[in-house]
Amino acid sequence: MMGARVLFNINQTSFTNADETCRMFIESLSDMGMNFYEPFDVSGYDAYHQEPMFNRAWISTNRLTNRYKFIEDLLRTDMMGGNNAFGFSINLIQYCERTISDPSNPNILVDEFVNIALPQTITTERRNYFKFVLNADLPDMNWTVEWSRRNNPGSAVPMQLQKFFNAVLQSPEYQLF
């Protein structure tokens, strides 16, 4: 949760109703298995990389599903440019314009965002999967043309970016490390 907030530079000034948004974040945190200020015992939370299961101790069907749902809810805005479930919006086009050196090139977009978001180098197969999510099996020129029309009504770019960012942030590479 904090990683996503840092990644997208989300702070309280982003919120339309900070109290409600913080309440929803704490509720989401609880759904993911970490009750805010309520460690399991008096010695506090276990070390993240503690034996025997190291960093995978949190994994359960519900907790993983709630992690995926958090990312999906964070990135989702209504089609009219409104807020997500937490009361603010993340403009993925502006994020790419500020963060990616050439977002009109799907290879650069995928490579640079993956390098920003994922702590480890991924395989070529995984990189190609993320590129497929962004641009399907279409030629790179297709994305370049779509990007040039990104601000037109009905542009496919916001939805494609949302799918791409979801795929990366819901990936095991992001969730486990």
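I take contact to mean heavy atoms within 4.5 Å. The model I am reading is predicted.

**Entry: Gln 170**

I looked up Gln 170 with that cut-off. Setting aside neighbours within four places in sequence, I find Gln 170 in contact with Tyr 68, Ile 71, Glu 72 and Gln 175. I then asked where Gln 170 sits. I place Gln 170 in the loop between helix H8 (157-169) and helix H9 (172-175). Next I checked Tyr 68 for polar atoms. A polar atom of the Gln 170 side chain lies 2.9 Å from the backbone oxygen of Tyr 68.

**Entry: Glu 72**

I followed the contact list to Glu 72. This residue belongs to helix H3, which spans 61-75. Which residues does Glu 72 touch, not counting those up to four places away in sequence? I get Asn 166 and Gln 170. Glu 72 and Gln 170 are 98 residues apart along the chain, and I read 8.4 Å between their C-alpha atoms. I also noted a polar contact of 2.4 Å between the side chains of Glu 72 and Arg 76.

**Entry: H3 against H8**

H3 and H8 pack with their axes 10 Å apart, at an angle of about 155°. I therefore wrote H3 down as roughly antiparallel to H8, since the cut-off for that label is over 145 degrees. The crossing of H3 past H8 is right-handed. From H3, I find Ile 71, Glu 72 and Leu 75 making the contact. From H8, I find Gln 162, Phe 165, Asn 166 and Leu 169.

**Entry: H6 against H8**

What angle do H6 and H8 make? I get about 155°, with 7 Å between the axes. H6 and H8 are therefore roughly antiparallel to each other. H6 also passes H8 in a right-handed crossing. On the H6 side, the contact is made by Tyr 129, Phe 130, Val 133, Leu 134 and Asn 135. On the H8 side, I list Gln 160, Leu 161, Lys 163, Phe 164, Ala 167 and Val 168.

**Entry: the core**

I turned to the largest nonpolar core. I find 40 residues in it. Those with the most contacts inside this core are Phe 8, Phe 113, Leu 161, Phe 164, Phe 165 and Leu 169. Helices H1 to H8 each supply at least two residues of this core. Which helix gives the most? I find H8, with 7 residues. I noted the general background too: in soluble globular proteins, nonpolar side chains tend to be buried together.

Leaving aside neighbours within four places in sequence, I find Phe 8 in contact with Leu 75, Ile 90, Leu 92, Tyr 95, Phe 165 and Leu 169.

Last, I checked the backbone angles. Most residues other than glycine have a negative phi. Asn 9 lies in the loop between H1 and H2. I log Asn 9 as exposed, because its relative accessible area is 59%.

Where is Ala 136? I find it in the loop between H6 and H7. At 37% relative accessibility, I count Ala 136 as partly exposed.

Conventions. Residues are numbered from 1 along each chain as its sequence is written. This is a predicted model: local features need pLDDT of at least 70, side-chain atom pairs count only at pLDDT 80 or more; totals for chains, interfaces and linings use all residues. Side-chain values use heavy atoms; hydrogens and water are left out. Helices (H or I, at least four residues) and strands (E, at least two) are DSSP runs, numbered from the N terminus. A polar contact is a pair of N or O atoms within 3.5 Å; within protein, one must be able to donate a hydrogen and the other to accept it, and residues adjacent in sequence count only if both atoms are side-chain atoms. A nonpolar core is a set of buried Ala, Val, Leu, Ile, Met, Phe, Trp, Tyr and Cys residues joined through side-chain atoms within 4.5 Å. Buried means under 20% relative accessible area, exposed over 50%, partly exposed in between (1.4 Å probe, protein chains only). Axes are lines fitted to C-alpha atoms, for helices over the stretch in contact, and angles run from 0 to 180 degrees between N-to-C directions. Angles under 35 degrees count as roughly parallel, over 145 as roughly antiparallel, 65 to 115 as roughly perpendicular and the rest as oblique. A crossing is left-handed if the near helix is turned anticlockwise from the far one by less than a right angle, and right-handed if clockwise.
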